[in-house]
Structure formats: C-alpha cells, structure tokens
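Here is a short briefing on a structure.

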Amino acid sequence: MSIFYFIAFLSILFAVLVISAKNPVHSILYLILTFFTFTIQYILLNAQFLAIVNFIVYMGAILVLFLYTLMLINLNKDSEPVKTNMVKIAAVLGGGCLMVVLVAALKAVGTSQPVLVKDPGLGLVKNLGKILFDEFLLPFEVSSLLLLSAMVGAVLLATRDKKPVVNG
Amino acid sequence: MDSFFKTVQSVPLNHYILLSAIIFSIGVIGVLIRRNAIIIFMSVELMLNAVNLLLTAFSVYRGDATGQVFVFFIMALAAAEVAVGLAIIVMIYRNTNSVDINVLNRLKW
C-alpha cells in the first residue's frame, strides 16, 4: 500500500523537476525518471504488457528521439528563452486553479472502493492480444497506417530542400 | 505472486485520480511557463502519460481489458505525434535559428 504513495511522490517530484529544470537535457533525464515511475505503477497494477510497452516505446524510443533532437539543435545557455515572472505567476495560478477544480470535483464524489487486481491475467499479453486482434482489429490496422504516414511525413519534413540541379 | 498483488493493492481509486490530476496540472503549467518548444512538447507527453495511468487504473478497477487496449493505441499515437512534431521543430530551428515559441507569431495577426 505504502509503495504506491512513495512512487506517486517520486512521480510528482520528477514531474515538477521536468518543468523547472533550466537545462533542457536535465529536463529530458527527469522525464525519463518520471516515465520509469509510471512503469512501476503499471507493474503494481499487474498491467505487464503496458509496463513493457511503456518502458520500450516511451523510455526507449521517444525519449531517445527527444535527446537526439536536442543534440541536433545544440541550444546554448544564452539562447535559452525565459518568460517574465508575471507570465510565470499567472501560468502557475491558472494550472493551480485547474488542479483545485479537479480535486474539488473529486471530493464531491465521496470515498471510493480500493483498486483490487481481481483478475490477475487481465493485463497479460495473452488476454490483451486476444482482445486486440478480435474486437479491435480494424483500429489496429488503421494505427499501422498512421505510423507509416507519420514516418513518411517526418522524413519529408526533416530533410533539407535540395537545390535544383542546373544541368539535370 | 497472486498474494503480492492482493497485499500491495489496497489503494482507493480516488488516489489514482488525484495523482493523475496533479501530473496533468503539472503538464499544463509546464506548457504555460516555458518558451522552449521542446520542453512544451515534453509537458504534453507528461499529460498523455497521466491520462494513460488513469485509464489503466480504471481498467483494472472495472476488470475490463478494453481500457488497456486503448492505452496501447494512445502510445502508438504518441509515437507518431512525437516523430512529426520533432521534425517540425527541427525545421523551424533551421529556418529561424531558435526554438523560442515567441518568434513564431507570424500567424498571430
């Protein structure tokens, strides 16, 4: 029971560090730690498939992509843009108001039942695979098309325009 | 293994919602206070992950695996979004030599 609260505390701490770190590289490293705490939460919920996918896709693929982009862009300390304090205070107030509204709406619901893992095989690859390739076969195929088009789009956007060849 | 999850999981559903709400709000604040486009992008990822965790918690709470399939689709979507978004950021950096979002105000007027 207490392990959930410890991991939740770590998630919030690292999430705050992500948005407050001055150096963008530190920001990405803290984001990796935040995602790692989320992976632990998935394991605690016995969603093993999601834990592995979160680990591989988010921490393996997406964060590496972020790091490489940051290295490509090569930000300097003095080129790091900073907002004025007034805007920052207003932004924190706005986000805080959102959180207060969400929490207040939650308080109105009252106490809830504890989350129990009733079916231990719920989040395993066997069970999820059966559902994914039975009920969700069409969305699955459409998502493959989406990934293909995203890949083509990314390559198209990131390649430099070639100068037209004069004699060609 | 079975008894491990029985003893570990006695957390009320409200606390999962609370955690997700806090992480989501941190993401919103991050989008608002930073001007570096990459960090704004990372805050969006933070918000996506908060929603993912909540969907998984509800899925386990209801004993319905559909929520976890949905999270899987969100992750595929996030991967596509990051690839295109980072390509756009790289292109913007090539054209303006900066990732400051305040430079990109030509659509404003």
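How many residues does the contact take from chain B and from chain A? It takes 64 residues from chain B and 75 residues from chain A. Keep in mind that this is a predicted model.

**The side of chain B that touches chain A**

- Four helices of chain B each give two or more residues to this side: H1 (2-8), H2 (13-33), H3 (37-62) and H4 (66-96).
- H4(B) gives the most, with 21 residues.
- By residue class, this side of chain B holds 46 nonpolar, 14 polar and 4 charged residues.

**The largest nonpolar core**

- The largest nonpolar core has 65 residues.
- Val18(A), Ile38(B), Met42(B) and Ala57(B) have the most contacts inside this core.
- Chain A supplies at least two residues of the core from each of helix H1 (2-20), helix H2 (24-44), helix H3 (48-73) and helix H6 (137-158).
- On the chain B side, H2, H3 and H4 each supply at least two residues as well.
- H3(B) gives the most to this core, with 12 residues.
- Where does the core sit relative to domain 1 (1-76) and domain 2 (124-158) of chain A? Both domains give residues to the core, so it lies between them.

**A look at Ala57(B)**

- Ala57(B) is one of the residues with the most contacts inside the core.
- Leaving out residues up to four places away in sequence, Ala57(B) touches Leu45(A) and Val115(A) in chain A, and Leu13(B) and Tyr16(B) in chain B.

**Chain A**

- Chain A has 6 helices and 0 strands.
- Its elements run α-α-α-α-α-α from the N terminus on.
- Chain A has 168 residues, and 25% of them count as buried.
- Take the contacts in chain A between residues at least 6 apart in sequence: 56% of these join residues at least 24 apart.

**Chain B**

- Chain B has 4 helices and 0 strands.
- Along the sequence, chain B reads α-α-α-α.
- Of the 109 residues in chain B, 46% are buried.
- Among contacts in chain B with a separation of 6 or more, 43% are between residues 24 or more positions apart.

**To take away**

Terms used. Residues are numbered from 1 along each chain as its sequence is written. Chains are lettered from A and ligands numbered from 1 in the order in which they are written. This is a predicted model: local features need pLDDT of at least 70, side-chain atom pairs count only at pLDDT 80 or more; totals for chains, interfaces and linings use all residues. Two residues are in contact if their C-beta atoms, placed from the backbone, lie within 7 Å. Ala, Val, Leu, Ile, Met, Phe, Trp, Tyr, Cys and Pro count as nonpolar, Asp, Glu, Lys and Arg as charged, and the others, Gly among them, as polar. A nonpolar core is a set of buried Ala, Val, Leu, Ile, Met, Phe, Trp, Tyr and Cys residues joined through C-beta atoms within 7 Å. A residue is buried if 20 or more other C-beta atoms lie within 10 Å of its own, exposed if 12 or fewer, and partly exposed in between; C-beta atoms are placed from the backbone. Domain bounds come from an automatic or database domain assignment.
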